[in-house]
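This report describes interfaces in a protein model, beginning with the one inside a single chain. The sequence and structure are shown below.

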2 protein chains.
Amino acid sequence: MPEPLFQKIALVGIGLVGSSLARVIRRERMAGTLSIATRRAETLARAQELGLGDEYFLDAAEAVRDADLVVISVPVGASGAVAAEIAAGLKPGAIVTDAGSTKTSVIREVTSFIPENVHFIPGHPIAGTEHSGPGAGFAELFEERWCILTPLPDTDAEAQAKLTRFWEGCGSRVDTMDPEHHDMVLAIVSHLPHIIAYNIVGTADDLEAVTKSEVIKYSASGFRDFTRLAASDPTMWRDVCLHNRDAILEMLARFSEDLSALQRAIRWGDGDKLFDLFTRTRDIRRSIIEAGQEVDVPDFGRHVLAHPKPESESA
Amino acid sequence: MPEPLFQKIALVGIGLVGSSLARVIRRERMAGTLSIATRRAETLARAQELGLGDEYFLDAAEAVRDADLVVISVPVGASGAVAAEIAAGLKPGAIVTDAGSTKTSVIREVTSFIPENVHFIPGHPIAGTEHSGPGAGFAELFEERWCILTPLPDTDAEAQAKLTRFWEGCGSRVDTMDPEHHDMVLAIVSHLPHIIAYNIVGTADDLEAVTKSEVIKYSASGFRDFTRLAASDPTMWRDVCLHNRDAILEMLARFSEDLSALQRAIRWGDGDKLFDLFTRTRDIRRSIIEAGQEVDVPDFGRHVLAHPKPESESA
């Protein structure tokens, strides 16, 4: 059997991302020992019940002792506290990375706690579902998804190459990016969509003229799509909003400006303007499917799942 | 073999809805003869190639001759013209219905053309995908989905009961509603979600600081969900915006007001307010799944489709 990529890996946080990592690390035999830490006893017991690791700790400092790779996957608002907690336990030469959705704030809050002889390389796997907790993870989560590393100016090239091999071992493709640019890109592709989804679901929930039961019954006409993102973990998304404020406000301003123009076109019956926008947006989905970032079936494949073998396929 | 529900059904329009109806009508043997009409020769040829009906016409007036049920499924902006075209050919006692996403405008534009001895009962099946055209339909489209009928004050009870049986034969559940209320409900559950999706995809497409290739690569972080609705038929959605203007503007105003409040909470770092909204919206998805209007798998089941038998299922 070949040597594992790391003698010991410690996962701090065992939610959707952490528990998916645990599963793929085991499947790909990437760690000699897999150590798991989380703050809540209940979550740790669940991880243990699922057999996700070799060792389990409520104290993250104990979990990271002797680890060659430490992956922090906690809501970004907790990154600084975790770094402070593990700092003294880190092994010289270890690689510390994270899976947070914002990067400048994580760098700001984590870096000062990391000892000189430890390699801190911030990262962000662009993968997830709306479910959370140790039971929600699965080994295939990262397959064909991008993982963005935002190395610091003094990042060790060898450590970065090893971390890249780790993510590739998880099935990811790996990109590097400037942290500020990462936060701008994610504000439009991830943060704004979540905020808009939360907002529209909130608006529908607040109406008086339309009942909640009507919203639910007729949701297949579009609304239900938004409820998926709006069912994401509230702590994670509160933290994202607080930690990527400037980029999010910039994207929100652009979105609102465009929406006002669209609203005006509707008010004044400008059919050509509407038709132009609605035509232009069609292509981008095709490109996403071609890039392997979306399933190539109508309606996200819901009908395939509901009716595995349509009788009328030949019609 | 039992008598079919209708001796002859005519479908005017053979896009996603029309062609799905054709397939389920055939599967359930609901028509003695199935007649198909569409304006474009190319679309008609495609329908014929797919063997969707028994008779094919470019002239809708010919298609509806002797039909006991006529289903108009065209973009709502074309409903009035279709009604004018078929009026003279309609058989006394026939039922005419439609599948349009707006109801007050269709009633306004269609009713005056319908002869006294013909039953016009407006309808709207709440079902669809982002694909369009005769090749996009499938017999299961209406299964477990609601179909809303908006009968007029003088609607014949027997004709309405027969139309209800027809939609139930397609697999739908049937509701009745006041047309104005229908338009208000659909503005929030369907029209606003589509407009918001078109808008955000347009905003992303217009950025200078983030490239289109970045939007595509990292779209799995949320954005790709919106591209599905934003890939819907431009003509259909232009017409919806023009024909349900008042209800849409009302919903847009509420959405924007709520978004401003959310934006303010982000600007001022009001974490509690964000957490409250993000928690409240979570429940509604669960209700939609329980109501049978959404698949009960994370990520719309994309991972199930991409990885049919996860190796790590037991982990």
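## Contacts between the domains of chain A

Between domain 1 of chain A and domain 2 of chain A there is 1 salt bridge, a term meaning a side-chain nitrogen of Lys or Arg within 4 Å of a carboxyl oxygen of Asp or Glu. A:Glu130 and A:Arg228 are joined through their side chains by a salt bridge, at 2.9 Å from N to O. The interface of domain 1 of chain A and domain 2 of chain A also holds 10 residue pairs in polar contact, both residues being at pLDDT 80 or more. A polar contact is a pair of N or O atoms within 3.5 Å; within protein, one must be able to donate a hydrogen and the other to accept it, and residues adjacent in sequence count only if both atoms are side-chain atoms.

## Basis of the model

The model is predicted: local features need pLDDT of at least 70, side-chain atom pairs count only at pLDDT 80 or more, and totals for chains, interfaces and linings use all residues. Residues are numbered from 1 along each chain as its sequence is written, chains are lettered from A and ligands numbered from 1 in the order in which they are written, and side-chain values use heavy atoms, with hydrogens and water left out.

## Domain arrangement in chain A

An automatic or database domain assignment divides chain A into domain 1 (7–177) and domain 2 (181–295). The C-alpha centres of domain 1 of chain A and domain 2 of chain A are 30 Å apart. In contact (heavy atoms within 4.5 Å) are 22 residues of domain 1 of chain A and 20 residues of domain 2 of chain A.

Together, domain 1 of chain A and domain 2 of chain A bury about 1,600 Å², with 58% of it on carbon and sulfur atoms. Buried area is the accessible area (1.4 Å probe) that two parts lose on being put together, summed over both. Within domain 1 of chain A, the residues losing the most area to domain 2 of chain A are A:Ser101, A:Glu130 and A:Met177, together 33% of what that side buries.

## Interface of chains A and B

Chain B contributes 120 residues to its contact with chain A, and chain A contributes 119 residues. About 11,400 Å² is buried between chain B and chain A, 67% of it on carbon and sulfur atoms. On the chain B side, B:Tyr218, B:Phe278 and B:Arg282 lose the most area to chain A, together 6% of what that side buries.

Chain B and chain A share 18 salt bridges. One of them links A:Arg280 with B:Asp206, whose closest N and O atoms are 3.1 Å apart.
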